[in-house]
Amino acid sequence: MVSLGFLVKQLLSSFLVSFFLIQDLVPLRECIQICTLSSGEIVNSSIDSLSFHEALETIGRGLVFPREDNFILRNDLALHFVRLSTAVRDFTIELSISRFDPEDARSVRNHLQSVIRALLAIDPDTNLFTIHAASHAVEEGHLETNKTQSRHGAENKDQSVILHDILSRIAMRLTSPTKVLVQAMIACTISCDDTLIYLGGQRHSLYSPHTPQDLSVSLRALSTAIATFDAADLALMSDPKLPPSASTYPEVVTLFLFVHPLRQAADKVQTLSKKILDMQQRRRSWSLQLPSYPLHKQLNRTNAQVRHDRGGLTAGFYFRTKMQLERTMGDLQSRPYVPSGRQDDVPAPGDTSTSTSVQPKATHSLSKSAVSEQKTFRYKFWELLHRMQGFESRFALKVVLVTTLLSVPAWLEQSREWWNDSELWWTVVTVWLMTHPRVSGTF
């Protein structure tokens, strides 16, 4: 949620930049840099460009087939799935200057997450390409086997030979279209990455080792590869030499569990490329983007600046866990204490004497009002020190300390005239503005 302090800093930074421009003290480029640093946000929306860039790079690494099912790569894909939501939320929860429209950023995020989900559903450790490489040897083995089988009859055909025949037929039909499809998907992700970097204004800061490719050309190549793959898949399904019992072999099912999820991932990449191409054709200029995140969700969310002030995500989780633990301990203390009866007082099962219910010997409760009435000065002093351990108090202490030290020359007789002639009060204002994005709540 955009805090009042953040809005005040935005207004003060704008006033400071306007003053510098009017007085002709600082060039326009440096004034924009001052405004950027004081607000704690990146004016040209490099956060979104960098998040999209890292996600597309990881997607490109996930499109390398065949490969082992690497846990690190799957973890990176899942991590970028979450980071995309965080980046777009930080973009739409703040006041920013960007070329990206908030709705376009949300749409690109959704398409990227759908691509990541499709990649996670693919089994990358496939033997489709190795079967195709050994297809000639398999065909020679089939010729020799067919000569022997002509003598003994087709009913004695070995099951392993049937399996090899089915696998080689599938590999010869789908290997080449699958390779072309994968290469087209990789080219599309690279083109999407280059286009988003260009749209975000980060083509000079984010180095790309490859030559930028036209997204429309890559999209047409992907559409052609999809059509070729669909034609090959349809021809394979209608092949009369493919027996109906092919689906009973686990090796055949494994091949189709690779190629068909890959085909679905190609649809996701195609949809993503069409969306980014539409953004490239519209080519929005720099504009002021107001916060568009829903208000009822802003109350339960924090922006990147607040997470930074808390000392990072780990510190934020610590404070949240600590608050939950304190609330739980308070609820446990407010419950009545009912001691259990001794085992000696419980009658035996065969005892015919009159049984009496065991009453609790003592019952007491520590209500919040009773605890608050028992607060002493030492306990109140401890609460104050405990409050000073929070990130807000530590940040406030550092700001007060640095601004006070910089203001000391204004109170001294020997330096007051020098202070006023040099107009060094702007130092205090600038340091206060710069402290917010650069100093967090940790020492």
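**Helix packing and local features of the predicted model**

S191 has its place in helix α8, residues 159–199. Helices (H or I, at least four residues) and strands (E, at least two) are DSSP runs, numbered from the N terminus. The relative accessibility of S191 is 0%, so S191 counts as buried. Buried means under 20% relative accessible area, exposed over 50%, and partly exposed in between, with a 1.4 Å probe and protein chains only.

The model is predicted: local features need pLDDT of at least 70, side-chain atom pairs count only at pLDDT 80 or more, and totals for chains, interfaces and linings use all residues. Residues are numbered from 1 along each chain as its sequence is written, and side-chain values use heavy atoms, with hydrogens and water left out.

The secondary structure of the protein chain comes to 18 helices and 2 strands. The chain has 443 residues, of which 37% count as buried. Among contacts in the protein chain with a separation of 6 or more, 81% come from residues 24 or more positions apart.

Helix α9 covers residues 215–237. Its 23 residues reach 33 Å from the first C-alpha to the last, close to the 33 Å expected at 1.5 Å a residue. The expected span is 1.5 Å times one less than the number of residues. Helix α10 covers residues 250–282. Its 33 residues reach 49 Å, close to the expected 48 Å. R283 follows α10 and has a positive phi, near 45°.

Which residues of α9 are buried? They are L215, S216, S218, L219, L222, A225, I226, F229, A232, D233 and L236. An α-helix has 3.6 residues a turn, so residues three or four places apart point the same way. The buried residues of α9 pack against α8 and α10.

Two packed helices are described by the angle between their axes and the distance between the axes. Axes are lines fitted to C-alpha atoms, for helices over the stretch in contact, and angles run from 0 to 180 degrees between N-to-C directions. Helices α8 and α10 pack at about 25°, with their axes 9 Å apart. That makes α8 roughly parallel to α10. Angles under 35 degrees count as roughly parallel, over 145 as roughly antiparallel, 65 to 115 as roughly perpendicular and the rest as oblique. The crossing of α8 and α10 is left-handed. A crossing is left-handed if the near helix is turned anticlockwise from the far one by less than a right angle, and right-handed if clockwise. The axes of α9 and α10 come within 10 Å and cross at roughly 155°. These two helices, α9 and α10, are therefore roughly antiparallel to each other. The crossing of α9 and α10 is left-handed.

The structure holds 0 disulfides, a disulfide being a pair of cysteine sulfur atoms within 2.5 Å. C188 is in no disulfide, and the nearest cysteine sulfur, that of C192, is 5.9 Å away. C188 is buried, with a relative accessible area of 0%. C192 also counts as buried, at 1% relative accessibility.

Backbone geometry was considered at further sites. Most residues other than glycine have a negative phi, and most peptide bonds are trans. A cis peptide bond joins F65 and P66, with omega at about -10°. P66 lies in the loop between α3 (46–62) and α4 (71–92). E423 is not a glycine, yet its phi is positive, about 55°. The loop between α17 (413–422) and α18 (425–438) holds E423. E423 is partly exposed, with a relative accessible area of 38%.

Two pairs link positions separated along the chain. P294 sits in the loop between β2 (287–289) and α11 (295–298). P294 is partly exposed, at 30% relative accessible area. P294 and I93 are 201 residues apart along the chain, and their C-alpha atoms are separated by 8.4 Å. T435 has its place in helix α18 and is buried, with a relative accessible area of 9%. T435 and K398 are 37 residues apart in sequence and 8.8 Å apart in space, C-alpha to C-alpha. Not counting residues up to four places away in sequence, T435 touches F395, V399 and V402.

Notes. Contact means heavy atoms within 4.5 Å.
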